[in-house]
Amino acid sequence: MRSIWNGAISFGLVSIPIKLVNATENHSIHFRQIHLADGGRIRYRKVCELDEEEVSGGEIGKAYEDADGTMIPITDEDLAQLPLPTAKTIEIVAFVPADEIDPLQMDAAYYLSANGVPAAKPYTLLREALKRSNKVAVAKYALRGRERLGMLRVVDDVIAMHGLLWPDEIRAPEGVAPDSDVTVRDAELDLADALMDTLGEVDMDSLHDDYREAVEELIAAKASGEAVQPSESEDSGGGKVIDLIAALESSVRAAKKSRGEGAGKAESEEDEEDMADVHPIKKKTQQKSTPKSTGTKKSTASTAKKTTQKKTTTKSTSSKGSSSAKKQTSSGSRSTTKKKTAAPRKRASA
C-alpha cells in the first residue's frame, strides 16, 4: 500500500520511523454531472474573478479572507516555519484505557508501518506494550496543513491510528432528546432485552452495502439496454403510532422464526387460529328429529297450507285458514299442534 505521510513516532526518548497508510477505502459509486439536453459532461473551471481568465493548478495559491474581504496570502514556506513539533512526528502524550475515548471523536483510520529494518525493534516494543497494558496511546500529529489528535491501538500485529476530533469540535446534544417525559415500563424493557438476545451477534464480515450493489445492477442494466423495472419499496411504518408491546412481541417472534427457533410451534398455533376462524357452528341436536313427530318448519307450513286450501269453501274461510297458517309458521308450539291434526286428514283424503 502506498504511504501518504512519512515521519516518526515519538515514544519518550524513543523514535520509531514509520509510514502512514490509509486503513480504509471508499467504495461509493460516484456520478458525473451532465447536460440533460445532449448528455454533455458539465465541468468546473477555475476562473480568476479579476481578469475572468481560467488558471491552472500551478498558478493557484492559498490565502485567508479577512472579515472585510481582504485576502491575506499564506505560502507553504510560511507554514513550514511555524514552531510545530508534530510536523513530522506522531508525539504520544498519554496512555489511557480505551473506554475513555468518546466514539464521537473517531475520524479517519490509518495503519502505521515500520519504515526500515532499524525501526522493527522499537515498533514491536510499542506494539507489545500496548497489548499488555490494554490501553491506547493518545498522540498529536500534523497532516494536511493542520495539527490533529490521534489514538494508537493494536490491530492484529499492526499499530493502527485513528484520527480524533478535538474535544471542542464535538457539539453538545442540546435539544436533541425528546421534549416530553417518557416512562418506560419493565415489561417493555424485558421485551427489548428478549429481542436483543434473540438477534444475538453478527459476523461483521458478512455485512455489505445492498444499496451500492443495487446501483451497480442498475448501471449494468442501463448499459446493456435492458428495461429497468422499479422495485417495490417496503413500508417501514415510519411516523406511525404503534403499540410498542405488540411491536416488540412481533419482533421477537419474527427474529426467532428467522433463526429457526420455535417455528414449528408458532406455525401450529397460527394454523389452529386460522381453522378456528373458518369452522362452522354445529347445529343443535333438537333440529335433527324424525319427520313423523315434528318435521321442519317448511314442511309444516306446506302441509298446513294444503289442508287449509281443501277446507276453504268461502272467501271468509280461506282468509281465516291463511292467517291460521301464518300463525302456525311463526309459532313453534302452534305449528306442532296443527301438524299433528293435519297429517291424518291428508292420509284419509288419499
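This is a predicted model: local features need pLDDT of at least 70, side-chain atom pairs count only at pLDDT 80 or more; totals for chains, interfaces and linings use all residues.
Biologist: Thanks! Then what makes the link between the side chains of aspartate 210 and histidine 208 a polar contact?

Modeller: The two side chains are joined at 2.8 Å. The limit is 3.5 Å, so the pair qualifies. Aspartate 210 belongs to helix H4, which covers residues 210-223.

Biologist: And why is aspartate 210 called exposed?

Modeller: Its relative accessible area is 51%.

Biologist: Let's move to threonine 75. What makes its side chain a partner of aspartate 78?

Modeller: The distance between these side chains is 3.0 Å, which counts as a polar contact. Threonine 75 sits in the loop between strand S4 (71-74) and H1. Its C-alpha atom is also 7.2 Å from that of glycine 61, although 14 residues separate them along the chain.

Biologist: Why is threonine 75 called partly exposed?

Modeller: Here the relative accessible area is 35%.

Biologist: Now for charges. How do you know that lysine 62 forms a salt bridge with aspartate 76?

Modeller: The closest N and O atoms of lysine 62 and aspartate 76 are 2.9 Å apart. A salt bridge asks for a side-chain nitrogen of Lys or Arg within 4 Å of a carboxyl oxygen of Asp or Glu, so this pair passes. Lysine 62 lies in strand S3 (residues 62-65) and aspartate 76 in helix H1, so the bridge ties together parts that are 14 residues apart in sequence. Lysine 62 is partly exposed, at 44% relative accessible area.

Biologist: How many salt bridges does the count come to by this rule?

Modeller: The count is eight salt bridges. One of them joins the side chains of arginine 127 and glutamate 128, with N to O at 3.1 Å.

Biologist: Why does arginine 127 count as buried, and why does glutamate 128 count as partly exposed?

Modeller: Arginine 127 has 14% relative accessibility, and buried means under 20%. Glutamate 128 has 36%, which falls between the 20% and 50% limits, so its label is partly exposed. Through shared partners, salt bridges also join Arg127, Glu128, Lys131 and Asp157 into one network.

Biologist: What makes Asp197 part of a negative surface patch?

Modeller: Asp186, Asp190, Asp193 and Asp197 form that patch together. Its members must have over 30% relative accessible area and no salt bridge. Aspartate 197 reaches 64%, so it clears that area limit and also counts as exposed. Aspartate 197 lies in helix H3, residues 186-199.

Biologist: Threonine 198 is in helix H3 too. Why does threonine 198 count as buried?

Modeller: Threonine 198 has a relative accessibility of 9%, and the limit for buried is under 20%. A polar atom of its side chain lies 2.7 Å from the backbone oxygen of alanine 194.

Biologist: How do you know that leucine 84 is partly exposed?

Modeller: Leucine 84 has 34% relative accessibility, which is between 20% and 50%. Along with Leu79 and Leu82, Leu84 makes a nonpolar surface patch of about 240 Å². Leucine 84 is in the loop between helix H1 (76-80) and strand S5 (89-97).

Biologist: Where is the place of asparagine 134, and where is that of aspartate 156?

Modeller: Asparagine 134 is in the loop between helix H2 (120-133) and strand S7 (135-143). Aspartate 156 is in the loop between strand S8 (146-155) and strand S9 (158-164).

Conventions:
Residues are numbered from 1 along each chain as its sequence is written. Side-chain values use heavy atoms; hydrogens and water are left out. Patches are made of residues with over 30% relative accessible area and no salt bridge: like charges are joined within 9 Å, nonpolar side chains (Val, Leu, Ile, Met, Phe, Trp, Tyr) within 5 Å. Accessible areas come from the Shrake-Rupley method with a 1.4 Å probe; for residues, only the protein chains shown count as cover. Lys and Arg count as positive and Asp and Glu as negative; His and the chain ends are not counted. The place of a charge is taken as NZ of Lys, CZ of Arg, CG of Asp or CD of Glu. Helices (H or I, at least four residues) and strands (E, at least two) are DSSP runs, numbered from the N terminus. Buried means under 20% relative accessible area, exposed over 50%, partly exposed in between (1.4 Å probe, protein chains only). A polar contact is a pair of N or O atoms within 3.5 Å; within protein, one must be able to donate a hydrogen and the other to accept it, and residues adjacent in sequence count only if both atoms are side-chain atoms.
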